Structure formats: C-alpha cells, structure tokens
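The following exercises concern a predicted model. Please work through each task before reading its solution.

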Amino acid sequence: MDPALVKLALGGIALLGCIGLFFGIGLALAAHRFAVEANPLIEEVLESLAGAQCGGCGYPGCEGYAIAVVTNPEVPPNLCYPGKEKVAERVAQLTGKKMTAVEDMIALVRCSRKEGRVSHKHEYIGFASCTAANLGFGGPSSCNYAAPVSGPVPSGSSS
Ligand code: SF4
C-alpha cells in the first residue's frame, strides 16, 4: 500500500478523533453547566398519580399536575380524578397538604340529539365514513351548545 495513502488515512482518523474529543468535552461541560436540578418530590408525586395523561386535573398531563401541586401551595391534592381518594391521600401525604374529598365528575354531553341541540346543516351524499363526511364543512350536523337548554340540566353541571 502506498505510504502516502496510509499517512493520509491516519491523519484523517486522528483529525476526526480530535474533533470528536473536542465536541465531547464541550457537550459534557455544557451539560454540567446548564444542568437543571430536579425536585425529587415532583418525581415521587408523579409516580403516585394515576398516569392516564387525561388532563382531568386541568393541567397538561400528569407531570404538569405533579409540578403544580408540589410548587404551588394553592393547588389542592385531590385533582387527579382517575386516581380517586387513594391517589389524593398519597399526594396530600407527600406534599403535606390538607386532604379534601375527591368530587365525582359527571360528563355533560352538550351535543346530544335528544336535547334538540343538533341541527341539520346540509345533506351529505358520499363515502360512508365519518371522516369523509367531516371533510365536507365539518359534517352535515351542527352543534350549538351555547344555545339555551330545553330540557333539565343535570345538577352540578354548568352551561
Ligand atoms: S387527572 Fe390524574 S391521570 Fe389525568 S392527567 Fe391529571 S394527574 Fe394525570
């Protein structure tokens, strides 16, 4: 093999090694310098939540609620509805907050046809699929849940 080519290859390998080492050290220093200290209590609370990521607590996922309940004294420990009393008690215990009852949530279907809230916008004639029907001006039905309720509203709901 040509010694000039070997020398060139070894030089390339050495150069790439030096570049890799340089950036590796740079990244390690940056990670050390900008490291964010994690609150272990947030992790503990997060692990005790129901983990459904449903947003029922009003926060963007379980982590959002865990951060809020640990860092904000105003956030109560009983907002994880899927976790019910057991989770609320654990969160209250971890955060040192006062445990209060978990209120049951009742879903109110605002676009129920039974309540007469859905009017007919247009006639859809096409491929028999909800997705296809929805592509045509949002589908043939409309739902105006700002309209007054004609029937009785379940107690505990707001309209
Ligand atoms: S209600 Fe509970 S399970 Fe749902 S997102 Fe909030 S903390 Fe997670």
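**Exercise 1.** State which residues of helix H3 are buried, and explain how they are arranged about its axis.

*Solution.* Helix H3 spans residues 61-71, and its buried residues are Cys 62, Tyr 65, Ala 66, Val 69 and Val 70. Buried means that 20 or more other C-beta atoms, placed from the backbone, lie within 10 Å of the residue's own. Viewed down the axis of H3, these residues fall within an arc of 125° (taken from the directions from the helix axis to the C-beta atoms), so they line one face of the helix. An α-helix has 3.6 residues a turn, so residues three or four places apart point the same way. The cover over the buried residues of H3 includes helix H2 (40-48) and helix H4 (84-95).

Residues are numbered from 1 along each chain as its sequence is written. Because the model is predicted, local features need pLDDT of at least 70 and side-chain atom pairs count only at pLDDT 80 or more, while totals for chains, interfaces and linings use all residues.

**Exercise 2.** Describe the secondary structure in sequence order.

*Solution.* The protein has five helices and two strands, where helices (H or I, at least four residues) and strands (E, at least two) are DSSP runs numbered from the N terminus. Along the sequence, the pattern is α-α-α-α-β-α-β.

**Exercise 3.** Characterise the shell around the ligand.

*Solution.* The ligand is surrounded by 17 residues, the closest being Ala 52, Gly 56, Cys 57, Cys 62 and Cys 80; a residue is included if its C-beta atom, placed from the backbone, lies within 6 Å. The shell comprises 11 nonpolar, six polar and no charged residues.

Key:
Nonpolar A, V, L, I, M, F, W, Y, C, P; charged D, E, K, R; others polar. Buried ≥ 20, exposed ≤ 12 C-beta atoms within 10 Å, placed from the backbone. Contact = placed C-beta atoms within 7 Å.
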